Amino acid sequence: MKTAVVTGGASGIGLAIAQRLRSDGFHVAALDRNASAGDDSAYRADVTDPDSLAAALGTIREKLGPVTVLVNAAGVDGFKRFQNIDFAEWKRVIEVNLHGVFHTIQAVLPDMVEAGWGRIVNISSSSAQSGQPFMSHYVSSKSAVNGLTKSLALELGPSGITVNAVPPGFIDTPMLRRSEERRLLGGTVEDHIQRTPVRRVGTPEDIAATCAFLISEEAGYITGQIIGVNGGRNT
Ligand code: NAP
């Protein structure tokens, strides 16, 4: 049985991915800064803090064995006019969305190299395909994750490790609903549904299904790809 770590696994997309991989027969460790104490598959760690990651991974390896599947779904958003983003805020978004992915991959990679097999899926964002006003820090962080994905795919392919990115567009999660409540979406979710070719909002399960495929044995010839899941909003 393979062991998968899903960051951001306490909420939204990460939670759905953790549930899907569990039902596909993986040992799953859901890693999040909000991990709930009563859930024995939940591990508390902050992806920006390598020490907390190392501690959580030590426990995960002890309980579940080496980690050969990693999904990076932890992330934060940010909405502000570029001139008003102070450098601390810029760095906070990059720190979680990009450096968090760096730290987590570095922490898990030795297990994959040792196994000669691994799957890494990074959850980026469709906004990195289209650009997005008032989200320059967020879009920059997610664009960098797409670039990291392509470079690592080339570097790690010979070690039997695939690396892909899934950039979601408009997925119904607490993050999206918080933005709707704060009127940051340029309309309601319902307004956006009318602009989406398939005429619905995405679900966390849509993203989980794509990740499950990319992690499967059958997807071994797919690496370095950015697989959009966005109802046709970005083509
Ligand atoms: P979500 O519901 O807010 O879930 C994200 C989870 O990651 C939260 O539990 C969050 O904790 C956690 N997290 C944040 N920073 C962390 C850190 N430093 N260390 C550990 N955990 C941390 O958001 P979501 O919508 O599921 O988003 C998941 C991923 O998809 C994110 O990377 C997001 O950028 C991306 N995405 C989402 C959409 C969408 O439409 N929903 C679209 C494009 C991309 P807190 O609640 O404490 O922050």
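Which residues touch the most other members of the largest nonpolar core? In this predicted model, that core holds 29 residues, and Val5, Leu31, Ile60 and Ile120 are the ones that touch the most other members. A nonpolar core is here a set of buried Ala, Val, Leu, Ile, Met, Phe, Trp, Tyr and Cys residues joined through side-chain atoms within 4.5 Å, where buried means under 20% relative accessible area, exposed over 50%, and partly exposed in between, with a 1.4 Å probe and protein chains only. Residues are numbered from 1 along each chain as its sequence is written, and side-chain values use heavy atoms, with hydrogens and water left out. Because the model is predicted, local features need pLDDT of at least 70 and side-chain atom pairs count only at pLDDT 80 or more, whereas totals for chains, interfaces and linings use all residues.

The largest share, eight residues, comes from H3. Leu31 touches Val5, Val6, Thr7, Gly8, Gly9, Tyr43, Ala45, Val47, Leu53, Ala56 and Ile60, not counting residues up to four places away in sequence, and contact means heavy atoms within 4.5 Å. Apart from this core lies another, of 25 residues, among them Ile17, Ala73, Ala212 and Ile215.

Thr3 has its place in strand S1 (residues 3-7) and, at 1% relative accessibility, counts as buried. A polar atom of the Thr3 side chain lies 2.7 Å from the backbone oxygen of Leu64; a polar contact is a pair of N or O atoms within 3.5 Å, and within protein one must be able to donate a hydrogen and the other to accept it, while residues adjacent in sequence count only if both atoms are side-chain atoms. Leaving out residues up to four places away in sequence, Thr3 touches His27, Ile60, Leu64, Gly65, Pro66, Val67, Thr68 and Val69. His27, in strand S2, is partly exposed because its relative accessible area is 26%.

In helix H2 the reader finds Ser52, which counts as buried because its relative accessibility is 18%. A polar atom of the Ser52 side chain lies 3.0 Å from the backbone nitrogen of Asp46, and, not counting residues up to four places away in sequence, Ser52 touches Ala45 and Asp46. Ile85 has its place in the loop between S4 and H3 and is buried, with a relative accessible area of 13%. Leaving aside neighbours within four places in sequence, Ile85 is in contact with Lys80, Trp90, Ser136 and His137, while the C-alpha atoms of Ile85 and Met135, 50 residues apart along the chain, are separated by 9.6 Å.

The ligand has 28 residues around it, of which Ser11, Arg33, Asn34, Tyr138 and Thr173 come nearest; a residue belongs to such a shell if one of its heavy atoms lies within 4 Å of the molecule. A polar side-chain atom of Arg33 lies 2.7 Å from an oxygen atom of the ligand, a side-chain N or O atom of Asn34 is 2.7 Å from a ligand oxygen atom, and a side-chain N or O atom of Thr173 is 2.5 Å from a ligand oxygen atom. Taken alone the ligand exposes 880 Å², of which the protein buries 92%, with areas from the Shrake-Rupley method with a 1.4 Å probe. Helix H1 (12-23), H5 and helix H6 (174-181) are the elements that give two or more residues to the shell, and H6 provides the largest share, three residues. By class, the shell has 14 nonpolar, nine polar and five charged residues.

Two loop residues remain to be described for their backbone. Arg183, in the loop between H6 and helix H7 (189-194), has a positive phi of about 55 degrees although it is not a glycine. Most residues other than glycine have a negative phi. Arg183 is exposed, with a relative accessible area of 76%. Arg199, in the loop between H7 and helix H8 (204-215), likewise has a positive phi, near 55 degrees, and counts as partly exposed at 49% relative accessibility.

Conventions. Helix = DSSP H or I, 4+ residues; strand = E, 2+ residues; numbered from the N terminus. Nonpolar A, V, L, I, M, F, W, Y, C, P; charged D, E, K, R; others polar.
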